[in-house]
Amino acid sequence: MSSIVYFFMFVLLFNNVAFFTCRSAEPGTTGINATVVPAANTAGSSPMPRIPLYIGGFFAFPGDKIFGALPYTAQTAVDHINNLTGILDGYELRMRWRLTDGKPADALKLLNDLLYEGPPVLMSWGPIFSRQALVVNEVAAKYNLVQVCLANSQALRDRPRYPKTVQMYWSEDSVNPARVAFINYMKWTKVAIIFEDIEYFRLNVENLVSKLKDANISVIATEAISDVNAPDQQLLSLKRHDARIIFALSYFDTAIRMFCKRPPEYQLDFIRGLLAREGVDRLEHIESYDVLITIAMALNRSIEKLAQLDPPRALQEFTYEDSNMSAALLESVYETRFVGPTGPILIEDGGYRSEKDVRQFIAQFQGKKSLEIIECVNSCQSFKEVDDMRFHWPGGSAPVDGKTYRTEHVVISEATRLIFYVLSALGILMDLVFLGINVKYREERAIKISTPPLNNLIVLGSLLLYISVFLFGLDESSFQKDTIIRFCHMKSFLVCVGISLAFGALFMKTYRIHAIFSRAVAKLKRVDLPNFKLILGVFLAVSVDIVIFTVWILLGQTDIDEITSVPVLDMSQPERELYIVSVSPYCTSQYLVYFSGVIYITKGILLVFGIFLAWETRTISVSSLNDSTYIAMSIYTVAIFLALVLPTLNLEVVRTNVTTHFAVLCSAIIVTNTTVLCLVFLPKIYLLRKYSRKNFQVSMMTKYISNASMSTFNDCADSNVSRLHQRLQRKEEKLKRLKRDLDLVASSLQKKRPWIQPDEATNHEKEQSV
């Protein structure tokens, strides 16, 4: 190549600023010879001979538009250095180099030639690829050869293994924070990684994966390409994982093979843009120039250090066995400071370039140009736009990282919640009105005969059931797990205790009527059923609930589970591939089946006995009150609703729809509650208005003469009348006998004492009898 390459830069050198103009020249095969250009020549003077100093050069890929042109950039830098004054005065810098085709084996062969053929090299430029440097630099260190390279593998920072390596390019790991920040900037949450399976990229991937996980970014796949000529299996694996955002870490040639597999048109534009970039504007050329300047300045600085050794040495006296001289050269590299085309040059003690004040940006191909769009700020915690640039995306919207599933806690419809809250509030108000009437008029005959204490328990049970409606309608999505579990226990407890109080009181009222009918009326026996016994019966049912729930809470290990719906695509922005998954939490426990079974059994037994007693007392009524009929109707209503509602609540279509589930459950609670309250209290209110205390009379009678219960009652009544009639006859016969005896006594006394009047005789007889 004979093209002229120009670089313009300001170099800070010994507190003087020099302006450099560099030209390229044809490279030699074993070294580069430069002509001395004096800083200031006087007329008739001739140049002084200069001592040659040799450095090594590991170049790669002959014929490559980018890397194949690096020897020309290197020779430009060497010519530039040799034309400077104040740096390596009296010396002429030369380079021994060879193209290695990027292979570690070729690089080792060149190192062997540098070590055993020709003049020794004080330092070496390169290799540029980490796959070569990881092999070459470990061997070169054993020969005290300082390697100043662009290879940026993190592994080269292992000082025991690479004690003579100086990295002039920032570590690839230093880019990882920017990668993570860009993922967050784009609001992506999952990525995939594919990399060329060599140590350099493997270590960088490990660091990247760690940083991604720390940022809560999911790595859905990590694929290693072991055969760079056949990456098909790894690409297919990325497809199977539905990977959309992919980090590809590989050398340029491998990247071309990957990106050229079945590519869309916009991706082909990207590849053409990469291939169109000539070597002169590639960062590798500018960095290579900085490497050679660094080597020259370090050699210049080491002249003074070498003179202080014992014995003193000069640069041209270097041998591969001289560890002291090698240490002085390495220390001089650490002390080198200047500002080059790539920014401030500062080598850390670990042998790598300082990463402070490194500018990092994100570029995008737009048209056929690579343009900077955003750059890192705040230690790469965020980005800012570069000159009002914008990303251009196919279709107008940024790519997504795959199908996104957004969970949404399903809440009850506000309209449905409001309707049932209002109905429940009205039910509570009605409940309190009935309670007030029951307490105020408890001594009135119409109220007193229906057992007011049991009526109070019915009101209390209904009140708990109405209150449970408000708990069932709560939006629990904002509560903590423990709070939700407490609400679950409260809802179940209120329903169970409310049923036990209200239905248990109805049961005891029915039982009292049945007992009076079957014992007091039918058998003429006294029934001892005071109110406190009936109330104790109700609280016995409540105590069973308390025991069940106490054991359940202590041993049941209640937890929260969720019902999830089928994902539904959000059609408002289908290109985002956002799928909505409805989530409905519910309470469950380890022994849920057993505890639920016990509750159903206890309530079922109570319901069955209530139905039985209601049926047995269906023919009994109290004139003007008819309480037993209304109680029976209440029990039938509860039974029918339970039979209909429980299976309905377990239907899949109802169970998975929280609004429907809430509506069905609360409808059952409100309707049964309201029905029971109205059947129990409205007839009594009617009687209070219709009759006064004086004319309200109560008598027990039957409604239907033809039924079996009435026949039994008539048979019993006839039997009692017959017995009483017989006893009455026996008493009358005895009375007649006593009267005859009395007449005989009176007649006898009359004969003995004629002066005694019959009445006096009778009185005298009575006194004798007493």
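A charge sits over a ring if NZ of Lys or CZ of Arg is within 6 Å of the ring centre and within 35 degrees of the ring normal. Keep that in mind for the first stop. The model on screen is predicted.

**Stop 1: charges over rings**

Select Phe129 and Arg131. Arg131 lies over the face of Phe129, and the distance to the ring centre is 5.1 Å. Now select Tyr352 and Arg157. Here the charged end of Arg157 sits over the Tyr352 ring, 3.7 Å from the centre.

**Stop 2: an edge-to-face pair**

Next come rings paired with rings. A pair of aromatic rings is described by the distance of the centres and the angle of the planes. How many aromatic pairs does a search of the whole structure find? The search finds 19.

Start with Phe59 and Trp97. This pair is edge-to-face, with 5.5 Å from centre to centre and 90 degrees between the planes. Phe59 belongs to strand β3, residues 51-59, and Trp97 to strand β4, residues 91-99. The two are 38 residues apart, so the pair links distant parts of the chain.

Phe59 has 1% relative accessibility, so Phe59 counts as buried. Trp97 has a relative accessible area of 10%, so Trp97 is buried too.

**Stop 3: a tilted pair and its cluster**

Move to Phe182 and Phe391. Their ring centres are 5.9 Å apart and their planes meet at 55 degrees, so this pair is tilted. Where do the two residues sit? Phe182 is in helix α4, residues 176-185. Phe391 is in the loop between β15 (382-385) and β16 (404-409). The pair links distant parts of the chain, 209 residues apart.

Check burial here as well. Phe182 counts as buried because its relative accessibility is 13%. Phe391 is buried because its relative accessible area is 17%.

**Stop 4: salt bridges**

Switch to charged side chains. The structure holds 21 salt bridges. Three of them follow, and then a network.

Select Lys103 and Asp101. They form a salt bridge, with the closest N and O atoms 3.7 Å apart. Lys103 is partly exposed, at a relative accessible area of 45%. Asp101 is also partly exposed, at 32%.

Go on to Glu138 and Arg161. Their side chains meet in a salt bridge of 3.3 Å, N to O. Glu138 is in helix α3, residues 130-141. Arg161 is in the loop between β6 (146-149) and β7 (165-167). This bridge links distant parts of the chain, 23 residues apart. Glu138 counts as partly exposed at 29% relative accessibility. Arg161 also counts as partly exposed, at 29%.

Jump to Lys603 and Asp545. The closest N and O atoms of this salt bridge are 2.5 Å apart. Lys603 is in helix α16, residues 592-616, while Asp545 is in helix α15, residues 531-555. Distant parts of the chain are linked again, this time 58 residues apart. Are Lys603 and Asp545 buried or exposed? Both are buried.

**Last stop: a network**

Select Arg359, Glu372, Glu375 and Lys384 together. What links these four residues? A network of salt bridges joins Arg359, Glu372, Glu375 and Lys384.

Conventions: Residues are numbered from 1 along each chain as its sequence is written. This is a predicted model: local features need pLDDT of at least 70, side-chain atom pairs count only at pLDDT 80 or more; totals for chains, interfaces and linings use all residues. Side-chain values use heavy atoms; hydrogens and water are left out. Rings of Phe, Tyr and Trp (its six-membered ring) pair if their centres lie within 6.5 Å; planes under 30 degrees apart count as stacked, over 60 as edge-to-face and the rest as tilted. Helices (H or I, at least four residues) and strands (E, at least two) are DSSP runs, numbered from the N terminus. Buried means under 20% relative accessible area, exposed over 50%, partly exposed in between (1.4 Å probe, protein chains only).
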